[in-house]
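Subject: A structure for you to look at

Hello,

I am passing on the structure we talked about, and I hope you enjoy exploring it. Please open it beside this email and follow along.

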Amino acid sequence: MPDARHYHRIPFHANADLLIDGSVHPCELIDIALRGALLKTNRPLTPVPEQPVVIKITLADSTLVLTFGAVLIHQQDDLYGFEFASEDVETLAHLRRLLELNFGDAQRAEEEFAYWLKKDC
């Protein structure tokens, strides 16, 4: 089955906190895309599919924190895949720049962002 993915994931390791029903769960960011992220945990978590959660990703050597509203879309062992449901303008701008830098191709990042805008408008 071909991968119908429109958003390319980039491997990106960073510390993250997952907020579920007011509880904070430390996680590791494994990869990120314009529409979601894959997190790894050291212990089982309790989110259920489509339950709103908050993901806070702290970039290394920075005070910058990317904050997303998200929902769980898949889970396997200690890996949890989340789709972003909301983000503020500043977080989106930083994510876009992060993708540009990691793609090594600003045009590719621009194409994904344009596709995202077209799908969500």
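This is a predicted model: local features need pLDDT of at least 70, side-chain atom pairs count only at pLDDT 80 or more; totals for chains, interfaces and linings use all residues.

Below is what I found, starting with the overall layout and ending with single residues.

Residues are numbered from 1 along each chain as its sequence is written, and side-chain values use heavy atoms, with hydrogens and water left out.

The overall layout

The protein has two helices and six strands; here helices (H or I, at least four residues) and strands (E, at least two) are DSSP runs, numbered from the N terminus. Along the sequence the pattern reads β-β-β-β-β-β-α-α. Of the 121 residues, 40% are buried, where buried means under 20% relative accessible area, exposed over 50%, and partly exposed in between (1.4 Å probe, protein chains only).

The barrel

How do the six strands close up, and in what order? They form a barrel in the order S1-S2-S3-S6-S5-S4, with antiparallel pairing. From one strand to the next, the twist averages 45° (axes are lines fitted to C-alpha atoms, for helices over the stretch in contact, and angles run from 0 to 180 degrees between N-to-C directions). Two strands are said to pair if DSSP finds at least two bridges between them. As background, strands of a sheet pair through backbone hydrogen bonds, either parallel or antiparallel.

You can walk around part of the barrel like this:

- S1 and S2 are antiparallel over nine bridges, and Leu-18 stands opposite His-25 in S2. Their hairpin has two residues between the strands, and Asp-21 there takes a positive phi near 50°.
- S2 and S3 are antiparallel too, joined by four bridges, with Glu-28 opposite Lys-40 in S3. This hairpin has three residues between its strands.
- S1 and S4 pair in the antiparallel sense over five bridges, and Leu-18 stands opposite Ile-55 in S4.

The nonpolar core

A nonpolar core is a set of buried Ala, Val, Leu, Ile, Met, Phe, Trp, Tyr and Cys residues joined through side-chain atoms within 4.5 Å. The largest one has 30 residues, and Leu-18, Ile-32, Ile-57 and Phe-82 have the most contacts inside it. S1 gives the most to this core, with six residues. Contact means heavy atoms within 4.5 Å; leaving out residues up to four places away in sequence, Ile-57 touches several residues, including Ala-14, Leu-29, Ile-32 and Phe-68.

An aromatic pair

Rings of Phe, Tyr and Trp (its six-membered ring) pair if their centres lie within 6.5 Å; planes under 30 degrees apart count as stacked, over 60 as edge-to-face and the rest as tilted. The count comes to one aromatic pair. The rings of Phe-68 and Phe-84 have centres 3.8 Å apart and planes at 5°, so they are stacked. Phe-68 is in strand S5 and Phe-84 in strand S6, so the pair ties together parts 16 residues apart in sequence. Phe-68 is buried at 1% relative accessible area, and Phe-84 is buried at 3%.

A loop residue

Finally, look at Thr-41, in the loop between strand S3 (36-40) and strand S4 (52-58). Is Thr-41 buried or exposed? Thr-41 counts as buried, because its relative accessibility is 3%. Beyond its neighbours within four places in sequence, Thr-41 is in contact with Cys-27, Asp-78 and Tyr-80.

Happy exploring!
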